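This report looks at side-chain interactions in one model.

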Amino acid sequence: MSEAFQFVIPLFPVGDDGSAFRLRNIPGGEMQRPHVIQYGSELAVHADIFNVKHGTFTPGGDPATLVVFDFRFVGSESHGRRFRKAIIDVRFAPWDRPVGSENDPEVSSIAPLGFCAWNPSTEEKETKLSFTVSANTGGLVGMGIGSSWETTKKMTKEKRTTLFGSMRIEGKRDYGTQNTAKWLINENEIESHGIPSHLRTAILVKLKGKEKFQAIIEINAEVDILYGAKKRIDELFGKHVVDPVYFDAEDKRKPFGPEITNIDTTNLSMCDLRAIGSQLPTTC
C-alpha cells in the first residue's frame, strides 16, 4: 500500500487540550509533503492526497496537474456526535504569491461538479389551531357563549443529503480564470445521520508557467449542537493551521499514488474526472 499524504484537523472546543495543534511543512521547504498527523479527536477531518499526475493540458500545450483528494469526516458513535455540514475550499496560487495573483494556476475542471441530492426522506407535521368566540350580550346574533372551533393543518416536508461543487475566483482579483475548487455538503436534516463520511474529489489545474505552485486547503465544519455549533478552523487554532501543499517546478515534478487507468498525461484535458471523483447517484 502506498503512503498517503494526509492532513488531520481535529475539532476541539476553544481552549481544550490540543487546541494548539499545528500542521507544518519541514523547515526549509517541502514538496508534496508526506503523511502528517497529530492528535486525535472524537470529531476529526482527514484530507489525503490520493493521487497526483503531472503532464500537459493538451499534447505539446501548457503544463497541467491532476490532484485527487480524499476527505473523511470522522464522528463519534459512542457520543452521538456528527458533522451536519462541511465546506471545503482548495485554492491555488504561485508558490511565493497570494491567491488572486495574475499567474494563479487555473482550476479547469473538478469532480464532483454541480448540485447533487440523494437519500430522500419525508416528515409529516400536524398543526392544530384553536379559536374561541365570546358571546355578545348586546342583542346581536352570536355563536353561543364561549363558542370555539378547531382546525388541523398537515404539512409534508422532504429533505435530502446534498452536495454542491463549484469553481470560483477568489483572492485579490475579481476577473480572469478560476483559481478555487469548492464543495458544500449538507446532511439530511430529517434523518440527522450526518454528512457522508468519505468524499473523493478531483481537480485539474492548468498552469501558466513552469514555476512551483501551491494549494491552500481550508475546511469549515458545522457539528451537532451538543458539540458546539459552527466552528471555523482558524477560530479554533489560530491562523494558518495547515501549511499550503507545494508542488515543484515543472522539471522536478513527480507523480504520486496508485496507477489510474485511462489517463493520458500528455492530454489531461480529456480526462474524465467524474470517473475519479466520488461515485454519486445517477440522479445527481
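## Terms and basis

Buried means under 20% relative accessible area, exposed means over 50%, and partly exposed lies in between (1.4 Å probe, protein chains only). This is a predicted model: local features need pLDDT of at least 70, side-chain atom pairs count only at pLDDT 80 or more, and totals for chains, interfaces and linings use all residues. Residues are numbered from 1 along each chain as its sequence is written, and side-chain values use heavy atoms, with hydrogens and water left out.

Helices (H or I, at least four residues) and strands (E, at least two) are DSSP runs, numbered from the N terminus.

## Aromatic pairs

Rings of Phe, Tyr and Trp (its six-membered ring) pair if their centres lie within 6.5 Å. Planes under 30 degrees apart count as stacked, over 60 as edge-to-face, and the rest as tilted. By this rule there are four aromatic pairs. Phenylalanine 69 and phenylalanine 71 have ring centres 5.7 Å apart and planes at 25 degrees, so they are stacked. Both phenylalanine 69 and phenylalanine 71 are buried.

Phenylalanine 73 and phenylalanine 83 pair edge-to-face, with 5.6 Å between centres and 65 degrees between planes. Phenylalanine 73 is in strand S3 and phenylalanine 83 in strand S4, so the pair ties together parts 10 residues apart in sequence. Phenylalanine 73 is buried at 5% relative accessibility. Phenylalanine 83 is also buried, at 3%. Elsewhere, Phe92, Phe213 and Phe247 make up one aromatic cluster.

## Charges over rings

A charge sits over a ring if NZ of Lys or CZ of Arg is within 6 Å of the ring centre and within 35 degrees of the ring normal. Arginine 200 places its charged end over the ring of phenylalanine 50, 3.7 Å from the centre.

## Salt bridges

Side chains of opposite charge can pair when their charged atoms come close. A salt bridge here is a side-chain nitrogen of Lys or Arg within 4 Å of a carboxyl oxygen of Asp or Glu. The whole structure holds 16 salt bridges. Aspartate 48 bridges to arginine 72, with the closest N and O atoms 3.0 Å apart. This pair links distant parts of the chain: aspartate 48 is in strand S2 (residues 44-56) and arginine 72 in strand S3 (residues 63-74), 24 residues apart. Aspartate 48 is buried, at 5% relative accessible area. Arginine 72 is partly exposed, at 32%.

Glutamate 222 bridges to arginine 84, with the closest N and O atoms 3.6 Å apart. Here the partners are 138 residues apart, with glutamate 222 in strand S10 (residues 213-223) and arginine 84 in strand S4 (residues 83-94). Glutamate 222 counts as buried at 18% relative accessibility, and arginine 84 as partly exposed at 26%. Aspartate 96 and arginine 97 form another salt bridge, at 3.2 Å from N to O. Aspartate 96 is partly exposed at 46%, as is arginine 97 at 27%.

## A charged network and its neighbour

Salt bridges link Asp89, Arg91, Arg168, Glu170, Lys182 and Glu218 in a network. Glutamate 218 also makes a side-chain polar contact with asparagine 220, at 3.4 Å. A polar contact is a pair of N or O atoms within 3.5 Å; within protein, one must be able to donate a hydrogen and the other to accept it, and residues adjacent in sequence count only if both atoms are side-chain atoms. Asparagine 220 is in strand S10. Its relative accessible area is 10%, so it is buried.

## Nonpolar cores

A nonpolar core is a set of buried Ala, Val, Leu, Ile, Met, Phe, Trp, Tyr and Cys residues joined through side-chain atoms within 4.5 Å. The largest has 36 residues, of which Phe71, Phe73, Ile88, Val90 and Ile203 touch the most other members. Strand S10 gives the most to this core, six residues. Apart from it lies another core, of 13 residues, including Ala64, Leu66, Ala202 and Ile260.

Contact means heavy atoms within 4.5 Å. Leaving out residues up to four places away in sequence, isoleucine 88 touches Phe71, Phe73, Ala181, Lys182, Trp183, Ile185, Leu199, Glu218 and Ile219.
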